[in-house]
Amino acid sequence: MADLAPVFAFASDFSPRAMTFLLAMLPISELRGAIPYAIWAGGLGWKEAYIVAVLGNFIPVIPLLLFMERASAWLRKYPLGDRFFTWFFARTRRKGTLIERFEAIGLTLFVAIPLPVTGAWTGCAAAMIGR
């Protein structure tokens, strides 16, 4: 089993606000991981936890919308990248019936429902696919 002590030591150098912000930026944790961390482990109040997490979650959205198509095309040249984006876009398309049916409102609902991998990152992919 891998020794996680260096990871936790690295993470302990961040303030609870900074860690919440960073967790909110990640595609797996996003708001679902950042807000509980901020409240329970970081000791932030719910209002502050929400604001910091939402701001952190906004950060990757603009670059994703601008560069996801080019980055995925470049990464698909490699077997691992091709496998990942094939899976990711197929999954997004399967989950995208709500988006197709209700367009912008469907995309908002898709991103807002707190299910695994339905946050800002997948919402950006769905927006890219739906263009």
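A salt bridge here is a side-chain nitrogen of Lys or Arg within 4 Å of a carboxyl oxygen of Asp or Glu. This is a predicted model, where local features need pLDDT of at least 70, side-chain atom pairs count only at pLDDT 80 or more, and totals for chains, interfaces and linings use all residues. Residues are numbered from 1 along each chain as its sequence is written, and side-chain values use heavy atoms, with hydrogens and water left out.

**Exercise 1.** Find which side chains meet in a salt bridge.

*Solution.* Start with the whole structure: the search finds one salt bridge. Its partners are Arg-17 and Glu-48, at 2.3 Å from N to O. Helices are DSSP runs of H or I with at least four residues, numbered from the N terminus.

**Exercise 2.** Decide whether Ser-29 is buried or exposed.

*Solution.* Take the cut-offs first: buried means under 20% relative accessible area, exposed over 50%, partly exposed in between (1.4 Å probe, protein chains only). Ser-29 has 15%, so this residue is buried. By contrast, Arg-17 at 47% is partly exposed, and so is Glu-48 at 27%. Now locate Ser-29: it lies in the loop between H2 and helix H3 (30-41).

**Exercise 3.** Work out where helix H5 (residues 61-75) has its kink.

*Solution.* The bend at a residue is the angle between axes fitted to the seven residues ending there and the seven starting there. In H5 the kink is about 60° and is centred on Phe-67. Then list the helix's buried residues: Val-61, Leu-64, Met-68 and Ser-72.

How values were computed. Helix = DSSP H or I, 4+ residues; strand = E, 2+ residues; numbered from the N terminus.
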